[in-house]
Amino acid sequence: MTDLLTSETAEESERVAGAPQGASDGEAAPATDPAPDRVAALETLLGDPDDPANPLGLRAVLDADERGELLAAGEEALAGFGLGAEFVPVEFGGRFARADRFALLMRSLFRRDASLAIGHGVTSFIAGLPVWADGSDEQRRRVADLLRGGGRVVAAYTELDHGSDFARIALTARPAPGGGYLLDGGKQLVNNIGRAEAAVLFARTDERPGSRGHSHLLVGLDSPAVDRSARYPTSGVRGCLLGGADFTGTPVPADALLGEEGGAMETVLKVFQVTRCVLPGMVVGLGDRQLRTVLSFAGERRLYGGPVSALPPARATLTGAFVDLLICDALAMVAARTLHLAPREASVRSAAVKYLVPKLLQDSSHRLGVLLGARSYVREGPYAGFQKTARDLPVVALAHASGAVCLSNIVPQLPRLADRAWRPAASGTRQPYDDSLFRLHDPLPALDLGRLELTARGADGLAALLPEFADDLARRGPGHAELAALAAEFTGHLADLADRASALPPQDRTPLAGRRAFLLAERYVLLLAAAACLGVWRAAAEDPAGDPFLADPRWAGAALHRLAERLGPRRGPLPEATVDALFAELSARHETACTFDLFRTRLAVNDGPAKGVDS
């Protein structure tokens, strides 16, 4: 296969992508935080979404979606922004330094158009990870130059017959008589494969059973022997070019192999922890857009002499969606920071965030759709953006790993987590409290993919903090009584979970476990989310320069209240004063065009308060 991975010189690609000068292979990534300026620059580039004259606005996005196309003006603008450099680690001349800040940057794009975010970004990011983890210096340089120069790389894993079961994939790479490999088979449902310059193929290189039968191959896609004509339309993210390729009879050189032959499965299980941590943080932008749309509607639509937002049920729905966004962001940011600070615990935490965040966002989407009523289906007018996000969200949620796959990664680890982390914490054997996971603006060490582990080996420095949080709140006095009671309740849930996990029979300690084990894994995910919210709150409360809203115990109490509802039994509504305070915060952010997440990012608007989608 002809190699299309040779791009322009490093000097030229740095000029095109705006990458830092002087970065080279082998240099450690600096622990800097350039993201706020980058986010602001991207928001400015995208412009006011509600301006009908904006070629990158929501009207243009919806028109492109109706045509089943990516927004061409958006792709051109992102290429000029040098978005490809964001997928390349700093040590290879790119701008990727922090997982949490990368998620925050891409969140801006997801808030505007999930199709554009995936089609012009996420796919290449996922494909690059095996290269950064296992590639040779030459392979890394080639991919880095390609991405910084505006090219595309795809991660070709999926096959229709096997879905997410990578162990059963049929594409084979057999030794060729003259050296290298000869491919036999194809890949389907691969985003951008019809227009990418290169692909990371997951192929079987050994027919013997076991985990060492698969390898990664980095190949160019310009060979006429590769048929890339297949296209798979979808109901959501319609603009994404989801396609397939038939590689039958295609030769690839020996140096296409990434890492060791037979090592791909282990690499996948490690580097996918990165994507499972950062993708949910990006998708929070979809929830922000939906809530913004329905909040506009509820303020404009009048019933019984006042706005819909004044009605208690509607206000409860809106504030509930706001709190759920804060929960999602807390867990997503803590998970992303885990990759840097506690990488050996990322196997569990990444699965947890990938399971819970899409679930909360989809549940919230349903409730907001009920409030919006028939307008949630309308494809024209001021609220037309809602139906697009409602279609996009399920597709994005399933991408890369379903909820069942994520829980199946957690189930086998439950008994060891109970014995080595939860029981000691409940009995008073605790590690010194370290709030670095929760101080969202503090610097981070460089991300080292080599430190990721296949399992957490019983380590859990997050859920095991619940007893510490409960004890601390009990000492804080009456002003924190409600939050203290909730933290104590979750501590009790942790002790109960430890007992139940330790008692699981052998057949329920595998990915093929029964319903009981999966329910325990789901409960565990909720406890992790509660600990993340408590940690973010406590870090803000102890920071004199912290956000006063995040330092207020009411949002954390509301978050734990909503998480406790999922643990059962059914609870009463939030206190009216808490709902009023949360709605006031939500309304203030809406009026000042700020995001509804933990960061209160300023959005691009022309004049006046934020408006409804396409208003």
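Modeller: The structure holds 13 aromatic pairs; rings of Phe, Tyr and Trp (its six-membered ring) pair if their centres lie within 6.5 Å, and planes under 30 degrees apart count as stacked, over 60 as edge-to-face and the rest as tilted. This is a predicted model, in which local features need pLDDT of at least 70 and side-chain atom pairs count only at pLDDT 80 or more, while totals for chains, interfaces and linings use all residues. Residues are numbered from 1 along each chain as its sequence is written, and side-chain values use heavy atoms, with hydrogens and water left out.

One of the pairs is edge-to-face: phenylalanine 297 and tyrosine 383, 5.6 Å centre to centre and with 85° between the planes. Phenylalanine 297 belongs to helix α8 (residues 264-300) and tyrosine 383 to the loop between α10 (346-372) and α11, so this pair ties together parts 86 residues apart in sequence. Helices here are DSSP runs (H or I, at least four residues), numbered from the N terminus. Phenylalanine 297 counts as buried because its relative accessibility is 5%, and tyrosine 383 counts as buried because its value is 12%. Buried means under 20% relative accessible area, exposed over 50%, and partly exposed in between (1.4 Å probe, protein chains only).

A stacked pair is formed by phenylalanine 322 and phenylalanine 549, with 5.9 Å between centres and 20° between planes. Since phenylalanine 322 lies in helix α9 and phenylalanine 549 in helix α17 (residues 548-551), the pair ties together parts that are 227 residues apart in sequence. Both phenylalanine 322 and phenylalanine 549 are buried. Elsewhere, ring pairs join Phe87, Phe96, Phe102 and Phe125 into a cluster.

Phenylalanine 549 also touches tryptophan 555. Leaving aside neighbours within four places in sequence, tryptophan 555 has contacts (heavy atoms within 4.5 Å) that include Phe549, Leu550, Trp537 and Leu598. Leucine 598, in the segment after α19 (576-591), counts as buried because its relative accessibility is 4%. Beyond its neighbours within four places, leucine 598 is in contact with residues including Leu326, Leu440, Val536 and Trp555.

Next comes the core. A nonpolar core is a set of buried Ala, Val, Leu, Ile, Met, Phe, Trp, Tyr and Cys residues joined through side-chain atoms within 4.5 Å. The largest one has 176 residues, and Trp555 is among those with the most contacts inside it, along with Trp132, Leu318, Ile410, Trp422 and Tyr524. Helix α16 (residues 515-541) gives the most to this core, 19 residues. Another core, of 21 residues, lies apart from it and includes Leu171 and Phe247.

Rings also meet charges. A charge sits over a ring if NZ of Lys or CZ of Arg is within 6 Å of the ring centre and within 35 degrees of the ring normal. The charged end of arginine 292 sits over the ring of phenylalanine 596, 4.0 Å from its centre. Arginine 538 lies over the face of tyrosine 433, also 4.0 Å from the ring centre.

Aspartate 580 and arginine 315 meet in one, at 3.6 Å from N to O. Aspartate 580 is in helix α19 and arginine 315 in helix α9 (residues 312-341), 265 residues apart. Aspartate 580 counts as partly exposed because its relative accessibility is 35%, and arginine 315 because its relative accessible area is 21%.

Key. Helices (H or I, at least four residues) and strands (E, at least two) are DSSP runs, numbered from the N terminus. A salt bridge is a side-chain nitrogen of Lys or Arg within 4 Å of a carboxyl oxygen of Asp or Glu.
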